[in-house]
Amino acid sequence: MEYMLFVLDMVGTAAFALSGAMTAIKKEMDLLGVLILGMVTAVGGGIVRDIILGNTPPQAFVQPVFALIAGGVSALVFAVIYFHVKGYQQISRAGFQYMLMAADTLGLGVFTVAGVRAAFDSGMGVNYFLPVFLGTITGVGGGLLRDMMAGDRPYIFVKHVYASASILGAFVCVFLWRRFGGNAAMPVGAASVILLRVLAIRFRWNLPKVAYDGEA
């Protein structure tokens, strides 16, 4: 089980690092900016979660393997685009936008259930609110920091039920955890996040919002 969790954490870290690095390249950041944004996207949500739980210093600093994985993935993405693709526009034409969306969705599912696991491991699964909140903040926190640092309106608030998918998956994970344990809850919770995200992207589902025409 521990080995599987480690592999899932690595997959989620790599996926979010790819998302952050691609965003940085799109914003024409230099190599350092790409590395920082990739790492922040990958470990930012976990850092916020650990601070809320009182686990200081956060695991990202105590066990830097995930930050190093994120940095390595970000550097690799930068190198491929810089030396072989020759610019972000070529990536867009090649359909890499779908890769970015897929990476973001995979990372969201993995880190949402990782946040729920952290809550139960810390003995904080006394109710539904806290583990669901921690699962959601772990899932969306890195992307939120990424968009703020890139100067974008946070994606989680505007498109494709992003945060809503994380909330639903976290709730499913907590519900199943209380009845069947983590081995059953985590894969189903992650799958719930990914499924809802895929359906939202495919059918262009968005939460309702009020239109503003710019007139006082």
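User: Helices (H or I, at least four residues) and strands (E, at least two) are DSSP runs, numbered from the N terminus. Where does Arg 204 lie?

Analyst: This is a predicted model, in which local features need pLDDT of at least 70, side-chain atom pairs count only at pLDDT 80 or more, and totals for chains, interfaces and linings use all residues. Residues are numbered from 1 along each chain as its sequence is written, and side-chain values use heavy atoms, leaving out hydrogens and water. Helix H9 covers residues 182–203. Arg 204 is found in the segment after H9.

User: Is Arg 204 buried or exposed?

Analyst: Buried means under 20% relative accessible area, exposed over 50%, and partly exposed in between (1.4 Å probe, protein chains only). Because Arg 204 has a relative accessibility of 68%, this residue counts as exposed.

User: How are H8 and H9 oriented to each other?

Analyst: The axes of H8 (residues 162–180) and H9 come within 8 Å and cross at roughly 160°. Axes are lines fitted to C-alpha atoms, for helices over the stretch in contact, with angles from 0 to 180 degrees between N-to-C directions. Angles under 35 degrees count as roughly parallel, over 145 as roughly antiparallel, 65 to 115 as roughly perpendicular and the rest as oblique. H8 and H9 are therefore roughly antiparallel.

User: What is the orientation of H2 and H7?

Analyst: The axes of H2 (residues 31–53) and H7 (residues 129–149) come within 7 Å, crossing at roughly 140°. The two helices are therefore oblique.

User: What form does the peptide bond from Thr 56 to Pro 57 take?

Analyst: Pro 57 sits in the loop between H2 and helix H3 (59–62). Most peptide bonds are trans. With omega near -10°, the bond from Thr 56 to Pro 57 is cis.
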